[in-house]
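Dear colleague,

Here is the structure I said I would pass on. My notes follow below it.

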Amino acid sequence: MRNQVPLDISVIPLRPAPAPAPARRAVAPPAPAPVPAAPAPKEPLWRDLVGDVLRRERLAQERTLKDVADTARISMPYLSEVERGRKEASSEVLAAAAQALGLGLGDLLTRAQGELVRITSRCAPAGRSTPRASYDGLCLAA
């Protein structure tokens with residue numbers, strides 16, 4: 001027994017056939033889309049800046065992570081994460097790490113603030129004026 005499909009069966013499409021394209025008229029090409037402005041650069045995180053200062057100072061003194069961590073009485077993995085900006089260290093931990101490197105907490109924070117000013121002034125968009133404070137110090141807010 002052979003199964004044959006009768007020739008009078010019609011196929012019903014699931015989607016309607018596309019309409020024929022209308023005749024084209026000569027039209028001016030559309031104006032180019034405006035180029036979106038580049039997003040403003042992200043400001044660096046404080047923990048990244050402090051970690052960079054700690055690492056840079058440690059390497060300048062040619063000291064190992066273990067040596068500084070032992071002197072500061074901080075675990076070596078935690079100090080490593082602080083240096084890489086992965087952990088937000090308390091002021092006590094930062095003071096201990098700074099002291100282990102022969103710095104005061106104020107010295108560490110001043111250097112981090114200097115990095116922040118350097119990075120943000122380099123990334124500031126043209127024409128943007130930044131107000132200057134009448135003091136040249138470090139301000140921290142809790």
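Residues 24 or more positions apart make up 65% of the chain's contacts with a separation of 6 or more, a contact being heavy atoms within 4.5 Å. This is a predicted model, in which local features need pLDDT of at least 70 and side-chain atom pairs count only at pLDDT 80 or more, while totals for chains, interfaces and linings use all residues. Residues are numbered from 1 along each chain as its sequence is written, and side-chain values use heavy atoms, with hydrogens and water left out.

The chain has 5 helices and 0 strands, taken as DSSP runs numbered from the N terminus (helices H or I, at least four residues; strands E, at least two). Of its 142 residues, 22% are buried, meaning under 20% relative accessible area with a 1.4 Å probe, protein chains only.

The second largest pocket has a volume of about 160 Å³. A pocket here is an open set of points on a 1 Å grid over the protein atoms alone, where a 1.4 Å probe fits, with protein on both sides within 12 Å along at least five of seven lines; lining residues have an atom within 4 Å of a point. The volume is the space filled by probe spheres set on the points, which are joined across faces, edges and corners.

Its lining has 12 residues, with Trp 46, Val 50, Ala 89, Leu 94 and Leu 109 nearest the centre. Helix 1 (46-60), helix 4 (91-100) and helix 5 (105-123) supply at least two lining residues each; helix 1 gives the most, with 3.

Regards

Conventions. Buried means under 20% relative accessible area, exposed over 50%, partly exposed in between (1.4 Å probe, protein chains only).
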